[in-house]
Amino acid sequence: MKQPLTRTTALALLCTLALGAAACGKKNSGDSAEGKADASFSYTSTWGRDEPQAKIFRAAIADFTASTGIKVDVKWMGRNGTDTLATEMAAGRGPDLFDTGTDTMGKLRAQNLLAPLEDVLNQKIPGEGKTVGDVLPAAAEEASSDEKGLGLIPHTVISTGVWFDANKHPDLAETPPRTWPEFTAYLDKAKKAGRTPLGQDGTVPFYNAYWFYSALVRANGAGSLHALGTDAAAWDRPEVLAAAKQVQQLAEGGYFQKDFIATKYPAAQDKFATGTYDLNINGTWLTSEIKPKLPADAKIESFQYPAGGKNSVEAGTLGWGVNAKGKHPDAAKKFLAFFQQKKYASRIGTEALNIPARSGVPAPENLTGMQKTITDATAVHKPYDGAPALNAWWTDIFMPLDDKLLSGKITAREFVAQGKEKSAASIKANS
């Protein structure tokens with residue numbers, strides 16, 4: 001799932017479930033002038049109609065309508081079908097409910113498009129005697145919130161790891177590298193044996209960013225990447241150069257496939273699936289995406305980027321936002337509580353092959369380790385440290401420079417110097 005969605009964006013995950021809603025009440029209320037509940041709401045989704053997530057949601061929507069009488073008007077738009085969604089919502093033409101993720105919250109907040117969702121936490125889950133807040137783990141709630149409060153109701157928890165086939169590389173399963181020297185020693189060993197250690201879809205900038213971002217934020221904690229886009233002096237911190245030097249070492253080491261920076265998604269991850277490359281850094285959605293390509297005996301697992309320091313773990317979510325300018329927010333919120341039933345939440349693990357956001361629901365086998373890593377983490381951060389919310393800086397300054405660093409076109413010191421100079425100019429221009 002490509003992000004920015006990140007396959008939530010990188011991943012951007014935005015499909016248009018445009019639910020042509022019939023208005024049966026006051027414009028921004030869940031009750032009509034006659035005291036009757038809204039009879040419908042609209043939903044725009046970033047999932048394609050035949051994707052596993054969409055199939056799960058379609059089943060829940062059908063049950064929701066049968067149970068409540070509330071109709072849901074849906075359009076399944078796919079990843080590129082919601083490019084104008086924020087503009088439509090800002091103009092008052094958008095849906096009541098939409099797919100979103102942790103990485104998009106900042107942009108949506110900036111446009112005042114996210115309705116408060118704390119009231120959903122108090123809603124009862126049908127047939128269970130529990131509230132949404134009772135089954136939403138603290139880590140998932142934190143990942144779905146910002147300084148203004150709860151921004152989305154999650155169905156999936158996402159994170160990033162370095163992936164490998166434990167059947168082919170049992171040594172990595174038994175003793176994964178915990179330090180940078182251990183990691184590069186593995187890369188050198190694999191290269192010496194005639195293998196390609198790392199596969200990279202280099203035409204996806206936010207995938208390339210995983211290396212520097214992981215090196216910096218996992219070691220130094222939340223806020224260390226975001227600060228580079230808000231304070232030019234942050235580039236002078238020694239940990240920034242240290243992280244950039246790790247990326248330079250990868251660029252100069254010959255660890256990636258030939259011409260990796262020109263490799264188009266999903267070529268590299270597909271070849272990783274078939275064993276051509278040992279490792280692939282990616283999000284938790286990788287295992288479901290490559291499943292059709294995997295050998296029958298493959299056992300895909302992951303380890304965390306070996307950073308040291310705080311060893312902060314990425315914890316993000318995919319879920320639903322309610323349009324602050326929507327016409328039927330209360331009806332949409334009723335569906336969010338309805339979906340939290342265990343019978344639907346469990347299908348995120350068994351069919352979508354992702355980590356369910358609901359507590360007590362296991363992830364698929366190849367993600368149980370990641371699920372435990374997130375649960376046990378002593379320090380966590382959001383995907384990309386929230387930096388994509390700094391839209392112009394992230395898109396126009398950071399990612400192009402990061403691409404140059406990873407491809408070996410600039411050194412770590414040049415990356416830092418140019419990053420500071422360009423960031424200072426951007427901050428000044430926008431202050």
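What follows is a set of questions and answers on this predicted model.

Student: What average pLDDT does the protein chain have?
Tutor: Remember that the model is predicted. Of the residues, 91% score at least 70. Over residues 1-35, though, the pLDDT is below 50. The average for the protein chain is 91.

Student: How does the radius of gyration of the protein chain sit with the globule rule?
Tutor: The chain has 17 helices and 14 strands. For 431 residues the globule rule gives 22 Å, and the chain is close to that, so it is as compact as a globular protein of that length. Its radius of gyration is 22 Å.

Student: What share of the residues of the protein chain count as buried?
Tutor: Buried means under 20% relative accessible area. The chain has 431 residues, and the share of them that count as buried is 54%.

Student: Which strands are the edges of the open sheet of six strands?
Tutor: The order in this sheet is 2-1-3-12-6-13, with mixed pairing. An edge strand pairs on one side only. The edges are strand 2 (71-76) and strand 13 (355-356).

Student: Which residue is the bridge partner of Ser42 in strand 2?
Tutor: Strand 1 and strand 2 run parallel, joined by six bridges. In strand 2, the partner of Ser42 is Asp73.

Student: Which residues of strand 1 are buried on the side of Phe41?
Tutor: In a regular strand the side chains alternate between the two faces of the sheet. In strand 1, six of its six residues are buried. One side holds Ser40, Ser42 and Thr44.

Student: In strand 12, which residue is the bridge partner of Asp99?
Tutor: Strand 3 (residues 97-101) pairs with strand 12 (residues 316-322). The pairing is antiparallel, over five bridges. Within strand 12, the partner of Asp99 is Trp320.

Student: At about what angle does helix 13 run to strand 12?
Tutor: Helix 13 (residues 329-339) lies across strand 1, strand 3, strand 6 and strand 12. To strand 12 it runs at about 145°.

Student: Why does Phe398 count as buried?
Tutor: Phe398 has its place in helix 16 (residues 391-406). Leaving out residues up to four places away in sequence, Phe398 touches Ala209, Phe212, Leu225, Trp393 and Phe415. The cut-off for buried is under 20% relative accessible area. Phe398 counts as buried because its relative accessible area is 0%.

Student: What separates the C-alpha atoms of Phe398 and Lys422?
Tutor: Along the chain, Phe398 and Lys422 are 24 residues apart. Their C-alpha atoms are separated by 9.0 Å.

Key
Residues are numbered from 1 along each chain as its sequence is written. This is a predicted model: local features need pLDDT of at least 70, side-chain atom pairs count only at pLDDT 80 or more; totals for chains, interfaces and linings use all residues. Side-chain values use heavy atoms; hydrogens and water are left out. pLDDT is the predictor's confidence in each residue, from 0 to 100. Contact means heavy atoms within 4.5 Å. Two strands pair if DSSP finds at least two bridges between them. Helices (H or I, at least four residues) and strands (E, at least two) are DSSP runs, numbered from the N terminus. Axes are lines fitted to C-alpha atoms, for helices over the stretch in contact, and angles run from 0 to 180 degrees between N-to-C directions. The radius of gyration is taken over C-alpha atoms; the globule rule is 2.2 Å times the number of residues to the power 0.38. Buried means under 20% relative accessible area, exposed over 50%, partly exposed in between (1.4 Å probe, protein chains only).
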